[in-house]
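Let's look at how labels get attached to a protein model.

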Amino acid sequence: MTKNLLEADSVYLEYNTRTILSDVYVKAETGKVTGFLGRNGCGKSSLMRIIFGSLKGNFQSVRLNKQYQESLLMVPDAIRYLPQKTFIPKQLSIDEICLIFQVSFNSIIQELPVFEKYQHQKLATLSGGEIRLFEAIIILLSNVKFVILDEPFSHIMPLHVEKLKEVINREKHKKGIIITDHLYKHNMEVSDDLYLIREGKTFRINTHDDLVRHGYILE
Ligand SMILES: Nc1ncnc2c1ncn2[C@@H]1O[C@H](COP(=O)(O)OP(=O)(O)OP(=O)(O)O)[C@@H](O)[C@H]1O
C-alpha cells in the first residue's frame, strides 16, 4: 500500500475582519480517519474547503507528500470532497454519475444492493436521504488519495450510518479520510485522530470528558 500524507498548516481565515481560523494545523494520512468537531459556525466547513482548495484563506500552506500545492482539487487523483449540502446535479442518472466519478456501478451495489433498481434512474427520483447516502458512498469509493466528508452521517437512517462507517473503515486502508460531523459519537467511533475547533484553534480530543471540558457537550 502506498502511504500518502496530507498536511495543512498555518491556516488563517478572516471574514470581514472576524477571525475564523487562526494558525490551524491538520494532518491526514493513508490508513487513518482524521475527525473534526466544533460548535456551529466555528469554521469546520471553511477548513474543509481550504484543504480541498475551493476556498482561499488569508494564509495556508497545503502539502501533499511534503510538496506545497496551490489547490489540491487541481491535482489529478488527489482528493474528493463531499460538501455539507447535496452537490451532484439531480438530472443526471445513477449510471451517468458512476461514469463521471469513475466508480463502477457494481461497486456501488456491492455496498448498497437496494440501489440496483436505480441504475438508469435520475438522481432526482431518489429520496433526500438516499441521495445523501449515494453521494457519500461514491466519494468514498473514488480512486483518490484523500477524501473529505462534511457531515456524512446527517439525514441518513441508522442502518445506513452503520454501512457508511463500515465503508469508511475499509476505505481508509486505501486513502486518507477527513470527517466533520456533529453526530459526535459516530465521528468519535470512526476517527483515529479527533480534533475540536474552538476559537479558531484545534484541540486534540482523546476522551468524552475532553468534549465536556471544551463545552461541546454537557456531560
Ligand atoms: N462567505 C462568507 N462570508 C462571511 N462569513 C462567512 C462566509 N462563509 C462562512 N462565514 C462565517 O464563517 C463562520 C464559519 O462558517 P463555517 O460554515 O465554516 O462553520 P461550521 O463550523 O462548518 O458551521 P456548522 O457546524 O454550522 O456547519 C460562520 O460564522 C459563518 O457565518
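Q: What makes helix α1 (residues 44-52) largely enclosed by the rest of the structure?
A: Buried means under 20% relative accessible area, with exposed over 50% and partly exposed in between (1.4 Å probe, protein chains only). In α1, 7 of the 9 residues are buried, so the helix is largely enclosed. Those buried ones are Lys44, Ser46, Leu47, Met48, Ile50, Ile51 and Phe52. As for the name, helices (H or I, at least four residues) and strands (E, at least two) are DSSP runs, numbered from the N terminus.

A quick word on the source: this is a predicted model, where local features need pLDDT of at least 70 and side-chain atom pairs count only at pLDDT 80 or more, while totals for chains, interfaces and linings use all residues. Residues are numbered from 1 along each chain as its sequence is written, and side-chain values use heavy atoms, with hydrogens and water left out.

Q: How many disulfides does the structure hold?
A: It holds 0. To count, a pair of cysteine sulfur atoms has to be within 2.5 Å.

Q: Why are α2 and α4 called roughly parallel?
A: Helix α2 (residues 94-101) and helix α4 (residues 128-140) pack at about 25 degrees, with their axes 11 Å apart. Axes are lines fitted to C-alpha atoms, for helices over the stretch in contact, and angles run from 0 to 180 degrees between N-to-C directions. Under 35 degrees counts as roughly parallel, over 145 as roughly antiparallel, 65 to 115 as roughly perpendicular and the rest as oblique. So α2 and α4 are roughly parallel.

Q: Which residues make the contact between α2 and α4?
A: On α2 they are Ile94, Ile97, Cys98 and Phe101, and on α4 they are Phe134, Ile138 and Ile139. Contact here means heavy atoms within 4.5 Å.

Q: Is Lys66 buried or exposed?
A: Lys66 has a relative accessible area of 59%, and the cut-off is over 50%, so Lys66 is exposed. You'll find Lys66 in the loop between β4 (59-64) and β5 (67-69).

Q: How do you know that Gln102 is exposed?
A: Its relative accessible area is 68%, and exposed means over 50%, so the label holds. Gln102 is in the loop between α2 and α3 (105-111).
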